[in-house]
Amino acid sequence: MEESAAGAVAPEFDVYGAMDWTDGVGTLPGSELKFRVNEFGVLEVITDEAEAECVKKAHATTTWAVPTAQEGKHVLKVPWARPGLVCVRCQHKGSPADFLSDRRYCSNRCLRQDQQEKTMRGPNRGRRKRRGDAALLRHTVPCGGKRKAWCWASYLEQEKAVAAPTKLFKEHQSFPQSKNGFRVGMKLEGVDPEHPSMYCVLTVVEVSGHRIRLHFDKYSDCYDFWVNSNSPDIHPVGWCEKTGHKPYPPKGLKDEEFNWPSYIKLCKAQAAPKALFENQNTTVTPSGFRIGMKLEAVDKKNPTFICVATVTDMVDSRFLVHFDNWDESYDYWCDATSPYIHPVDWCQKNGKILTAPPGYHNAKNFSWEKYLEETNSLPAPARAFKVKPPHSFQKHMKLEAVDKRNPMLIRVCTVIDTDDHRIRIHFDGWTDEYDYWVDADSADIHPAGWCAKTGHPLQPPISE
């Protein structure tokens, strides 16, 4: 009911339209409060006149603040004529720093969705798509052995195999519609993959196709890690401060000594533009989960264990699962459809063993009722958990996947086993000791031709 009510009310009132805007400063009729739109497109109250003057000066220096004579005649008829820019796709409002260079879209995601709709409306779309896919499969890559080149098309014909259809992959796994805009030296904030509750200061140190290698500032490069440029785990400079998260400063700097403007000036570096981040300005589906709620969750590092856990952070539609009294290195991010989380008492109802928190005084006779009372906490409501439909990958299908032993590499692989939500992959030409299970929606697997499309090197099967 809450969702439907929200959906009915939202379109009726436009807070931006209700304000009077002058030089980037908004006021409500009958009120002395003044507002501005910050760099994240969020309304902020202006607390003093000095700040208001700064906003006016900044507004005066932007090209969108001075419409042409032709635009001036119709200034009230076009949405982007209001102070700031408005995305033609999602109607998000913000400053030019939030938008792509064309100033029509606030993110690559919106641009891609608009392009996809136009493609769907165009004629002969099926034929055009097949030609594109076929061209990607014919793309050749260097290889060792007697043959000097390798391509997907010849390999599939030789092996009498099929590539996993593109439709089986989620949007974030499939072919991107825009180029990777990150560049070496850009700085940003992001989640430490080994400690998912920590947000750190990061620098792009390598760009390969649709992927970037990130470095923890002032730490050894042995901790560097790879992510896709559309990863939800990376954020623009200043995101932590705006969302109430604590950024861990570079090694050697104390919390009180670190601030982004000074640090970027000191490093003579560039903050990654906000428009490059796919997770900005996305629509968030209301969730029944709240920070502090308890649940039962599978330990991904030891999948036979189902343990007492707590929601400890929330960002957009995802939340962080922490195992009570465990080290944070076991934490993981997921959403309401994750097959690894369950409501309290799920184990008891399904004949499974629930692992109590380490050191809990009555672990052998663990009772959720007592534990919730002792911790003064609430259980995540059963209605908050959503069912994820099983994937459609089948054995023997071929695809491209990240080599976990050397994450800078993407290799040709084959699905050799499946369950409802995972696939087991085998790297073609390698022994089965390197096989591993991976979630079917993992960002580390891609359709055949993904590397060719994005410009990332592909490691062909080892040939004798």
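In the predicted model, helix 9 (residues 260-267) contains the buried residues Trp260, Tyr263 and Ile264, where buried denotes under 20% relative accessible area, exposed over 50% and partly exposed the range in between, with a 1.4 Å probe and protein chains only. Helices (H or I, at least four residues) and strands (E, at least two) are DSSP runs numbered from the N terminus. An α-helix has 3.6 residues a turn, so residues three or four places apart point the same way. The buried residues of helix 9 pack against strand 9, strand 10 (195-208) and strand 15 (270-271), contact being defined as heavy atoms within 4.5 Å. Exposed residues Pro261, Lys265 and Leu266 are carried on the face of helix 9 turned away from its buried side. Just after helix 9, Lys268 adopts a positive phi of about 50°.

Residues are numbered from 1 along each chain as its sequence is written. Because the model is predicted, local features need pLDDT of at least 70 and side-chain atom pairs count only at pLDDT 80 or more, whereas totals for chains, interfaces and linings use all residues, and side-chain values use heavy atoms, with hydrogens and water left out.

Aromatic pairs number 22 in the structure. Rings of Phe, Tyr and Trp (its six-membered ring) pair if their centres lie within 6.5 Å, with planes under 30 degrees apart counted as stacked, over 60 as edge-to-face and the rest as tilted. The ring centres of Phe169 and Phe393 are 5.1 Å apart and the planes stand at 80°, so this pair is edge-to-face. Phe169 belongs to the loop between helix 7 (152-159) and strand 9 (186-192), and Phe393 to the loop between helix 11 (368-374) and strand 22 (398-402), so the pair ties together parts that are 224 residues apart in sequence. Phe169 and Phe393 are both buried. For Phe366 and Trp368, the centres are 5.4 Å apart and the planes at 80°, so that pair is also edge-to-face. Phe366 counts as buried at 19% relative accessibility, as does Trp368 at 6%.

Charged side chains also lie over rings, a charge being so placed if NZ of Lys or CZ of Arg is within 6 Å of the ring centre and within 35 degrees of the ring normal. Lys404 lies over the face of Tyr436, 4.3 Å from the ring centre, and Arg422 over that of Trp437, at 4.4 Å.

The largest nonpolar core has 22 residues, of which Phe289, Ala297, Phe319, Val321, Phe323, Tyr332 and Ile341 touch the most other members. Such a core is a set of buried Ala, Val, Leu, Ile, Met, Phe, Trp, Tyr and Cys residues joined through side-chain atoms within 4.5 Å. At least two residues of this core come from each of strand 16 (294-298), strand 17 (306-315), strand 18 (318-323) and strand 19 (332-334). Strand 17 provides the largest share, four residues. Phe323 also forms one aromatic cluster with Trp326, Tyr330 and Tyr332. Beyond its neighbours within four places in sequence, the contacts of Phe323 include Ala297, Cys307 and Tyr332.
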